[in-house]
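Reader: I'd like to learn how to read the folds and helix packing here. Could you take me through it step by step?

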Amino acid sequence: MKRFSPAWWLMTAGRVLLGAVFVYAAYTKLRASYLLFAMAIDAYKLIPEWAAVAVAHVLPWLELALGIVLIAGIWLRFAAASATALLAVFFTAMVHAYQPELKEGTQISCGCFGLGEPISGRTLLRDGALLALSLALTIAAFWTARRKRPAAAADAASAPVGSTLAEKS
Amino acid sequence: MRQLHKQLWIILALGLAACAPLCWAAVNRQSAAHAKTAAAAEEAAPDKTLGSRNAPIVMEVFSDYSCPMCKAFYIGAIRRMMDSYIPEGKVYLIHRDFPLKGVLGHEHSRDAARYANAAACIGKFREVDAALYSRQEVWTHDGSVDATVAAVLSPAEMKHVRALVASGKMDAYIDNDSALGSSKGVRSTPTIYVTAHGQTNSLPGNLSYSLLRRYLDEQLQN
């Protein structure tokens, strides 16, 4: 991908935006007690309590690291793929827990940016958009890397013939 | 002249003596009025709280007496806190009524809230609160809120509660609680807010007590 081309700008904007979202999400969780996030995870009743506590300890730091790596633009394929996998897990859990007409019984908190934000059509749309962005970024990152490899192969093929013969002898 | 002075003093003394009962009656009337005002003030502010107001942690719970999850939270968390955090002055619990409208199985929610508020006016909130949750499956089905409450109150107390419910005054308190909840974004029950160190956080209603206990202990340690 040509630097400063429209596609390059789009990809840069996408990864910086996604990275910023991850950093902010990590911040909202790290500034409060990890137990609040643990309670939010436990409310989904998908994993045992001890696992919810472990995830509450680890996930914010993982989000922070991913966010920084995305913003920096390093290891982009790995970072984008990890972000996509993480968002896919979150989105699936949210869709599973979403109960639009629920009044009786507690509405489960999204837990995306701390507690207190119930899962709603708005949060699903937001997280769905982030997932789509992350997926697009992942595809672009792999595609860009693939395009670089044939170019590198072409460079090697067009190297001077003498040097090759000298190597053989 | 001396005799005139003497007569004047006698008249004055008689006059004061005559005024004394009138003053006494006036004072009594004022006390009665104060007592009435105090009683009215007491009735005007049902105390639906548990624990010390000076507790470092405040837990505000918006609930509907017909809501099974509210009952589960009451049994799983509140009742346990009544044995520990609340009497130890660590948690101040505030109950707020948020009877859900138009939900199947919640037809008697408002009635239950009226009785709970009336009981709170006479200092019997804890007993009626417990009774309503423990027999939830019965009165939500047949509407026997009055009988449920009567089972835990004396005849005199029940008479007072019925009078308060019949007066229609309890609806204002319920509406106040509901309006407060709506302003805070409450849309379902139970909705729980915990305030500690000047920060308020919302907790999920289906939380596990062990996690809640860990959180409360952490806040108390800080």
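Author: Let's begin with helix axes: an axis is a line fitted to C-alpha atoms, for helices over the stretch in contact, and angles run from 0 to 180 degrees between N-to-C directions. Helices (H or I, at least four residues) and strands (E, at least two) are DSSP runs, numbered from the N terminus. This is a predicted model, in which local features need pLDDT of at least 70 and side-chain atom pairs count only at pLDDT 80 or more, while totals for chains, interfaces and linings use all residues. Residues are numbered from 1 along each chain as its sequence is written, and chains are lettered from A and ligands numbered from 1 in the order in which they are written.

Reader: At what angle do the axes of H2(A) and H9(B) cross?

Author: At roughly 165 degrees, with the axes of H2(A) and helix H9 (residues 209-221) of chain B coming within 10 Å. Angles under 35 degrees count as roughly parallel, over 145 as roughly antiparallel, 65 to 115 as roughly perpendicular and the rest as oblique. H2(A) is therefore roughly antiparallel to H9(B). As for handedness, a crossing is left-handed if the near helix is turned anticlockwise from the far one by less than a right angle, and right-handed if clockwise. H2(A) passes H9(B) in a left-handed crossing.

Reader: Which residues of H2(A) and H9(B) meet?

Author: Two residues are in contact if their C-beta atoms, placed from the backbone, lie within 7 Å. From H2(A) come A:Leu35, A:Leu36, A:Ala38, A:Met39 and A:Asp42, and they meet B:Leu211, B:Arg214, B:Tyr215 and B:Glu218 in H9(B). By class, this contact of H2(A) with H9(B) has 6 nonpolar, no polar and 3 charged residues. Here Ala, Val, Leu, Ile, Met, Phe, Trp, Tyr, Cys and Pro count as nonpolar, Asp, Glu, Lys and Arg as charged, and the others, Gly among them, as polar.

Reader: How many residues of H2(A) are buried?

Author: A residue is buried if 20 or more other C-beta atoms lie within 10 Å of its own, exposed if 12 or fewer, and partly exposed in between, with C-beta atoms placed from the backbone. In helix H2 (residues 34-43) of chain A, 9 of the 10 residues are buried, so the helix is mostly covered. Among them are A:Phe37, A:Ala40 and A:Ile41. After H2(A) comes A:Lys45, with a positive phi near 55 degrees.

Reader: How do H1(A) and H3(A) cross?

Author: The axes of helix H1 (residues 6-30) and helix H3 (residues 49-72) of chain A come within 7 Å and cross at roughly 155 degrees. That makes H1(A) roughly antiparallel to H3(A), and the crossing is left-handed. Residues making the contact include A:Val16, A:Gly19 and A:Phe22 of H1(A) and A:Leu64, A:Gly67 and A:Ile71 of H3(A). By class, the contact has 14 nonpolar, 2 polar and 3 charged residues.

Reader: And what about H3(B) and H7(B)?

Author: The axes of helix H3 (residues 109-121) and helix H7 (residues 155-167) of chain B come within 9 Å and cross at roughly 125 degrees. That makes H3(B) oblique to H7(B), and their crossing is right-handed. The contact is made by B:Arg114, B:Tyr115, B:Ala118, B:Ala119 and B:Cys121 of H3(B) and B:Val161, B:Leu164 and B:Val165 of H7(B).

Reader: In what order do the strands of the chain B sheet run?

Author: Strands of a sheet pair through backbone hydrogen bonds, either parallel or antiparallel. Two strands count as paired if DSSP finds at least two bridges between them. In chain B, 5 strands form an open sheet in the order E1-E3-E2-E4-E5, with mixed pairing. The edge strands are E1 (49-50) and E5 of chain B, each pairing on one side only.

Reader: Which strand pairs are parallel or antiparallel?

Author: E2(B) and strand E3 (residues 91-97) of chain B pair in the parallel sense over 7 bridges, and B:Met59 has B:Leu93 as its bridge partner in E3(B). Strand E4 (residues 191-196) and strand E5 (residues 199-203) of chain B pair in the antiparallel sense over 5 bridges. In E5(B), B:Asn201 is the bridge partner of B:Val194. The hairpin of E4(B) and E5(B) has 2 residues between the strands, and B:His197 takes a positive phi near 55 degrees there.
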